[in-house]
Amino acid sequence: MTTSTRNLTAPLAAASATLLTAGLLAGAVTPAAAHTGTDAHDMSEHARTWAKDQVLRPGCRSYTYRYKVSPPSDQAWGLETFLVGPGGESVASGALHSGSDRRKGRDAFEFCSTSTRAGKFKIRAKLTYYVGFTTHDGWADKSRFRLRRR
């Protein structure tokens with residue numbers, strides 16, 4: 001599921017509702033821009049994202065990225081992704097979960113060239129998974145890529 005907008009309120013609400021329906025989140029969703037990197041749970045060994053450098057094309061387009069999730073249990077998981085643009089502004093977000101997505105694959109952020117600028121982008125990813133009745137969540141390492149103008 002991919003959401004495209006500069007305003008993260010609606011996409012986060014939609015992603016949260018989807019994950020809450022699946023019973024994956026115990027608390028509120030934290031926007032990527034507010035993450036300080038001081039989480040007690042580092043999910044870098046269980047989740048990662050990456051993207052190739054791409055061209056920022058005119059109009060509203062999809063920009064693909066890849067992900068891989070390997071939680072230590074076969075129970076439910078959810079991966080929330082956040083695209084942070086040059087200057088730290090939030091550009092788009094998405095959500096993947098075990099009910100409908102593979103553990104390894106591609107997804108895309110959709111946004112318009114008029115709402116951002118070329119430069120360095122970061123993908124933040126928050127993984128939530130269960131072991132028994134215990135919820136585990138935390139942030140994976142940031143991945144980076146460039147969008148350049150033609």
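Y65 counts as buried, at 2% relative accessibility, where buried means under 20% relative accessible area, exposed over 50% and partly exposed in between, with a 1.4 Å probe and protein chains only. This is a predicted model, in which local features need pLDDT of at least 70 and side-chain atom pairs count only at pLDDT 80 or more, while totals for chains, interfaces and linings use all residues. Residues are numbered from 1 along each chain as its sequence is written, and side-chain values use heavy atoms, with hydrogens and water left out.

**Aromatic pairs**

- Five aromatic pairs are found in a search of the whole structure; rings of Phe, Tyr and Trp (its six-membered ring) pair if their centres lie within 6.5 Å, and planes under 30 degrees apart count as stacked, over 60 as edge-to-face and the rest as tilted.
- One of these pairs joins Y65 and F109, which are stacked because their ring centres lie 4.5 Å apart with the planes at 20 degrees.
- The pair links distant parts of the chain, with Y65 in strand β4 and F109 in strand β7, 44 residues apart; strands are DSSP runs (E, at least two residues) numbered from the N terminus.
- F109 also counts as buried, at 1% relative accessibility.
- F121 and F145 form a stacked aromatic pair, 5.8 Å centre to centre and with 20 degrees between the planes.
- Because F121 lies in strand β8 (residues 119-131) and F145 in strand β10 (residues 143-149), this pair ties together parts that are 24 residues apart in sequence.

**Salt bridges**

- The whole structure holds two salt bridges, each defined as a side-chain nitrogen of Lys or Arg within 4 Å of a carboxyl oxygen of Asp or Glu.
- R103 and D74 meet through their side chains in a salt bridge (3.6 Å, N to O); R103 lies in the loop between β6 (90-97) and β7, and D74 in the loop between β4 and β5 (77-84), so the pair ties together parts 29 residues apart in sequence.
- R103 is partly exposed at 31% relative accessibility, whereas D74 is exposed at 76%.
- A salt bridge also joins the side chains of D137 and K126 (3.7 Å, N to O), linking strand β9 (residues 134-139), which holds D137, to strand β8, which holds K126, 11 residues apart.
- D137 counts as partly exposed at 27% relative accessibility, while K126 counts as buried at 7%.

Technical notes:
Helix = DSSP H or I, 4+ residues; strand = E, 2+ residues; numbered from the N terminus.
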